[in-house]
Amino acid sequence: MSPSVPLQEMIRAIRSARTQCEERGVIQRECAAIRAQFRQVDNGARSHNLAKLLYVHMLGYPAHFGQMECVRMIASPRYSEKRVGYLGAMMLLDEKQDASLLITNSIKNDLSHSNQYVQSLALCTLACMGSAEMCRDLAPEIDRLLRASNSYIKKKAALCAVHIVRKVQDLGELFAPAARSLLSEKNHGVLHGAVVLITELCERNPETLERFRKTVPDLVQIMKGLVISGYSPEHDVAGISDPFLQVRILRLLRILGRNNEAASDAMNDLLAQVATNTDSTKTVGNAVLYETVLTVLDIKSESGLRVLAVNILGRFLLNNDRNIRYIAMTSLQRIVGTDHNAVQRHRGTIVDCLKDQDASVKRRALELSLALVSASNIRSMMKELLLFLSSCPPELRAQAASGIFYAAERYAPSQRWHIDTILHVLTTAGGDVRDETVPNLIQLITNASELHCYTVHKLYRALLNDISQQSLVQVACWCIGEYGDLLLRGECQETEPAQVTEDDVLDALETVLQSHMSSPATRGFALTATMKLSTRILDNVDVIHVGYEFSSALSLKLQQRAVEYNALFRKYDHMRAAVLERMPVIEKNSPGHTNGESAGEPMKEIQPPKVKQGEPLLPQQPANQVCDLLGLLGGSEEPLQPSPAPGLSLNTASTAGGDLLDLLGGLEPTPPAPVTVYEKDGVTLTLSCEKQSDSVLTVTLTASNSTDSDMSSFTLQAAVPKSVQLHMKAPSGDFLPARGAAKVTQMVVLNNPNKVNLKMRIRVSYTSQGSAFQDTVQIDSFPGLSAAGH
Amino acid sequence: MCLIVAPSDLLVCLCCQMRFLLLFSRQGKLRLQKWFTPMSDREKKKIIRDMTTMVLARQPRSCNFLHWKDLKIIYKRYASLYFCLAIESQENELLALEVIHRYVELLDKYFGNVCELDIIFNFEKAYFILDEFLMGGEIQETSKQVVNRCIESSDMLQETMEEYMSKPAF
């Protein structure tokens, strides 16, 4: 076929342009010429011009002015013009353009054209850019072509129908019968189209899926024919007969066999046959095997067949071709949940793939390896994973680190191993770990109390080595602060003894504080650690100077901390020891909890003070507690003379955290237990009150009924001295069931601005067994009021 | 691949198909673009940029499969041209490689030892051949010979029609 000379000349001209600017110039000139030509009447060169425009469009220049020309060309009787016109329509028009609707009529006409190549153009264009409206319009035509035309048109009509169904799902019903009958065709192109169409119909409509299950035997037959048949030159690809069709049939079988025993049984033998007979030396054979494996694993196949499938994947893992290894791992990843043991058998090969050169393969191997970690192989797997971490590409580091942490958490054989592993990760890839790692590790360390000495020695040494990994430095500082005394003791069972002096430790912390590599958070850790050491180290109290520098630090948090610590040395030196006491074991929180809150435990209830209330005390907390403390103390005039009880607990060194809260507990009024104020005829009335502020008191009255009969219309009325304001809230109800089954509560808000002696008279009235009862009770003392020293 | 969990569940996935096919040179110049789903010009330009950047950055002997958003990108280099095919995430990558290879074979048969210049100067023919091989994101004809015969016949038709109507050839 002779090429278009004008088109090729233009292309040559554009290519010879040496700069972008020059190229733009050429194109502008050409486009102007093309536009002029479009406006003329038919001049026989239309197809050249449109072709030129399409080339320009491919280079990325605007070509929308060619849209109408496409419409005109499509309507032309000349095949050459139609051909380029339709091509233009596919390139320039899409369903969003208005012009696309204009070609609907042309397409309709061309679908019934006498020449099959014209029909083919129309079908192709419709399948490429047909909008929903066009599809609805032309669907009946397509159905007609599906039934009565030659193979060439049938196969195109089938794919056109697929496009229509994707655009307008309801039309699926229209094509189902024709699709069914197409399965008996011999032509591979038509068969392929039919299988694709049936696949599409089944995926969109479960009822259709049910109906098409009956075709499983036919599909099995066709497949068998392909697999067993001799050499067919038309369809042979490297010894496989029509692999494209085979793969499509396998995929349809997968959909039909899914969740259905009968269908799965019917295809069992075939799948076994394909799996064993397909030649796997070339990619094409492996493509078919791959699809077979996917199908076997997805349907309800026999266990023997499943094992066969997994073994094929195992063989793929050993293939020289990187692509095959890659897809093997993708598939194994999908089934590692369900067929875990089968995949475990190939663990060795998978771990080897961690060392592959290719980044995609590495990534897959990492994901799969992490999925294969279990309690029995944790030690060996972790060795490999840590090795991988030290040499893995940067984009995989974060994933590897978090995967390792997760695995370590689940399967750690011992605490020491766990801590070692985390430390190893922090040293290797500290910059890529998540933020929660630091508190998690600290919590882990506090829990492993017998390893404190070992841990602090190890961390100290790590700190001396390298202070650039922030997470590691933070943990190290925290540990040195907490367990500095253990560090100075020098001997440790698990590591070699090292003589560490106080100066060494302080120097190390000072280095961290001064280093430009340390982030403000890290500096905060170091500062706190230094402060803590002041209570653990006996001599060196010129630590105090460190604080001064940072009172003018740029970071607000750091500044605040420094100022507080300075205050701790100056004004509140006597509290320092208690405030900086060793922290309690942090209890494990689930990841959902936020710092500083325990779900469901109101912080106000501080009776009786338990160590549990210390949770979760995270490293930042001591400073905050100090801050709170100072805030509270700062509020009152006298420096720390609240009551003898807190003062006493300061000097007793008992389990730490509880002390801190005892301090707070002593200063805040504890809500006292409810007091029974009335008990008569089975009616019990209890009263509890809570101070809201200086003059406002909330009183809660609770009534219960211990008789055998219910009480209805239960009401409480209250009266108070004149200057007191009373506000009764709505009661919870007025029905008191017998035998204390339920209570009635009534809240009363009292405002006593003149601070007179508070008294309240309460009238109780109710109906029981048909008769009305009434009584009055006077309350002279309110629990909890006197204790606050009002 | 659609996942219909149970007859009562109806999960409508977009479709199992190819999304787009791009051919570009080692310098990133686009030689052919076929889009199988409707997309705005802006999106197309962005995809072209992303694909060329990603594929050209790959090492010589790497895996031919990439992940991009929710699609799998299969690419293969033939001489100076990169063929880049995007498929849905559930599709068979190895078969996609075969699809690319088949298209190259078809071009080779038609042009006779096809090279990049053939595709530059006869881009519309490359499209015609593609349109006989793939349609609507699916394979249309699995036989090489059938596709070749159809293209030849269409060309013939064009020429005879032109001769008959005594107008200059395309």
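Predicted model: local features only at pLDDT ≥ 70, side-chain atom pairs only at ≥ 80, totals over all residues.

Visitor: What is phi of Asn113(B) near?

Guide: Phi is near 50° for Asn113(B), a positive value in a residue other than glycine.

Visitor: And is Asn113(B) buried or exposed?

Guide: Exposed: the relative accessible area of Asn113(B) is 67%.

Visitor: Which residue of chain A has a positive phi although it is not a glycine?

Guide: Ala238(A) is one, with a positive phi of about 50°. Ala238(A) lies in the loop between β1 (236-237) and β2 (240-241) of chain A. Its relative accessibility is 40%, so Ala238(A) counts as partly exposed; the cut-offs behind that are under 20% for buried and over 50% for exposed.

Visitor: Back to chain B. How many helices and strands does it have?

Guide: Chain B comes to 5 helices and 7 strands. Along the sequence they follow the pattern β-β-α-β-β-β-α-α-α-β-β-α.

Visitor: What share of chain B counts as buried?

Guide: 61% of its 170 residues. Chain B exposes about 7100 Å², and carbon and sulfur atoms supply 54% of that area. As for contacts in chain B between residues at least 6 apart in sequence, 46% of them join residues at least 24 apart.

Visitor: Now the nonpolar core. Which residues have the most contacts inside the largest one?

Guide: Those are Ile142(A), Phe175(A) and Tyr103(B), in a core of 272 residues. Leaving aside residues up to four places away in sequence, Ile142(A) touches Leu111(A), Leu123(A), Leu126(A), Ala157(A), Cys160(A), Ala161(A), Ile164(A) and Phe175(A). There is also a second, separate core of 26 residues, which includes Leu685(A), Met711(A), Ala718(A) and Tyr766(A).

Visitor: Let's switch to helices. What covers the buried residues of α22(A)?

Guide: The cover includes α19 (322-335), α20 (340-344), α21 (347-352), α23 and α24 of chain A, together with β3 (65-68) of chain B. The buried residues of α22(A) include Val361(A), Leu366(A) and Leu368(A), and also Lys362(A) and Arg364(A). Helix α22 (residues 359-372) of chain A has 14 residues and reaches 20 Å from first C-alpha to last, close to the 20 Å expected.

Visitor: And what do the buried residues of α25(A) pack against?

Guide: They pack against α23 (378-391), α24 (394-411), α26 (437-447), α27 (452-465) and α28 (470-489) of chain A. Among the buried residues of α25(A) are Trp417(A), His418(A), Ile422(A) and Leu426(A). This helix, residues 415-429 of chain A, spans 21 Å with its 15 residues, close to the 21 Å expected.

Visitor: Last topic: what order do the strands take in the open sheet of chain A?

Guide: The order is β3-β4-β5-β8-β7, 5 strands with antiparallel pairing. At the edges are β3 (675-680) and β7 (725-728) of chain A, each of which pairs on one side only. From one strand to the next, the twist averages 20°.

Visitor: How many bridges join β5 to β8 there?

Guide: 8 bridges join β5 (residues 696-705) to β8 (residues 744-751) of chain A, and these two strands run antiparallel.

Key: Residues numbered from 1 in each chain as written. Chains lettered and ligands numbered in written order. Heavy atoms only, no water. Pairing = 2+ DSSP bridges. Helix = DSSP H or I, 4+ residues; strand = E, 2+ residues; numbered from the N terminus. Axes fitted to C-alpha atoms, helices over the stretch in contact; angles between N-to-C directions. Expected span 1.5 Å × (residues − 1). Buried < 20%, exposed > 50% of the residue type's maximum accessible area, 1.4 Å probe, protein only. Contact = heavy atoms within 4.5 Å. Areas by Shrake-Rupley, 256 points an atom, 1.4 Å probe, with all protein chains shown as cover. Core = buried A, V, L, I, M, F, W, Y, C linked by side-chain atoms within 4.5 Å.
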